[in-house]
Amino acid sequence: MITASPGTRITPAGDWRQQWRDAVTDPRELLALLGLEHLAGRLPETDAGFALRVPRAFVARMLPGDARDPLLLQVLPQMAELDEVDGYATDAVGDLASREAQGVLHKYRGRALLIASGSCAINCRYCFRRHFPYGEEMAAAGQWRQALDHLRRDPGITELILSGGDPLALSTRKLIELTDGLADLPQVTRLRLHTRLPVVLPDRIDGPLVEWLSALPLQKVVVLHANHAREIDHGVAEACQRLRGAGCTLLNQAVLLRGINDHAGTLAELSEALFAIGVLPYYLHQLDRVQGAAHFEVDDAEALALMEELRGCLPGYLVPRLVREVPGAPSKLPL
């Protein structure tokens, strides 16, 4: 059972669409829910150009009265986002240069990524696609037609990656529409979903979604995104159990974030919490240098020292790979 912060309204469990609609979108309301009204004067105007969105059940995992709460800092707009910092760009990882069709990014051999949705249940302040032109690049448009045509033209693509936004923002019916379209593409043998919803809105992993996943004649990989052990609660554990029951392999990718998880003990707790619910740590990303996120960066020397310490306190299979995405590189680059 979730213990809510004072004043937090929790939508009844099970209704993920209503929980989505009830998300907190006003930074001042978020601060008030946590007893931090005195910090309202530090908020940037117009959310620093990137709207606040956070489900109330995720707010309930934050510690009231703690201005440095690691979950709060991931979503609360900061004045530092307005700073112009050299080397930080709106397209930090070269997404637009890798565009092959509407909503289709093809960076790496054998894999194509679809921008399935422009919506997220939570807006993370460090998001590398916070400036992405989702209105023009939605693979789901036109019954996925351009995306499926691109896959047909390239028989070397064996893995299809759904990203966004968050692909599970789409209705299950829309996801079925895509996978039905894969029926005449036998070279596509693996479906990978990159999603934060099992962590921030676990009720999205509902019966129809599990039925769809269970019936797919594909290998299924779900890559979650959690940065801190406090993000993981009983609801997240149950969502992961349902995904595993549908035949999904579960991995996690995190982002190394200053003031949030830049401590070996914190990263070790995250790995242990993930493995306890059947999720294997996969990647720990160095921050993508997107405009507005410079205050989250941890320099490489510090990151490498953290990893060395982490290897000393965890078995190797619980140590994520520290990587950076470099535009034009043939893969994520290990550090």
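Select Glu-159, Ile-161 and Ser-163: they point one way from strand E4, Leu-160 and Leu-162 point the other way, and all are buried. Buried here means under 20% relative accessible area, exposed means over 50%, and partly exposed lies in between (1.4 Å probe, protein chains only). Strands (E, at least two residues) and helices (H or I, at least four) are DSSP runs, numbered from the N terminus.

This is a predicted model: local features need pLDDT of at least 70, side-chain atom pairs count only at pLDDT 80 or more, and totals for chains, interfaces and linings use all residues. Residues are numbered from 1 along each chain as its sequence is written, and side-chain values use heavy atoms, with hydrogens and water left out.

**Stop 1: E4 and its neighbours**

Show all of E4, residues 159-163. The strand is mostly covered, with five of its five residues buried. E3 and E4 pair in the parallel sense over five bridges. Two strands count as paired if DSSP finds at least two bridges between them. Pick Leu-113: its bridge partner in E4 is Ile-161.

E5 runs parallel to E4, and four bridges join them. Which residue of E5 stands opposite Ile-161? It is Arg-192. Follow the chain from E4 through helix H6 (residues 172-181) to E5: this β-α-β crossover is right-handed. That is, with the strands pointing away from the viewer, the path from the first strand over the helix to the second runs clockwise.

**Stop 2: helix H6**

Colour the buried residues of H6: Thr-172, Lys-174, Leu-175, Leu-178, Thr-179 and Gly-181. An α-helix has 3.6 residues a turn, so residues three or four places apart point the same way. What do the buried residues of H6 pack against? Show E3, helix H5 (145-153), E4, E5 and helix H8 (207-215) to see the partners.

**Stop 3: Arg-61**

Jump to the loop between helix H3 (56-59) and helix H4 (72-75), where Arg-61 is found. Is Arg-61 buried or exposed? It counts as buried, because its relative accessible area is 9%. Select its contacts (heavy atoms within 4.5 Å). Leaving aside neighbours within four places in sequence, Arg-61 touches Leu-71, Val-199, Val-200, Pro-202, Arg-230, Glu-231, Asp-233 and Val-236.

**Stop 4**

Show strand E8 (residues 280-285) with strand E9 (residues 321-324): they pair in the parallel sense over three bridges. Tyr-283 stands opposite Arg-321 in E9. E8, H11 and E9 make a right-handed β-α-β unit.

Strand E10 (residues 333-334) comes next. Two bridges join E9 to E10, and these strands run antiparallel. Pick Val-323 to find its bridge partner in E10, Pro-334.

**Stop 5: Val-290**

Go to the loop between E8 and H11, the place of Val-290. Val-290 counts as buried because its relative accessibility is 0%. Draw a C-alpha to C-alpha line from Val-290 to Ile-115: they are 18 Å apart in space and 175 residues apart in sequence.

**Last stop: Phe-275**

Select Phe-275 in helix H10, residues 264-276. Phe-275 is partly exposed, because its relative accessible area is 40%.
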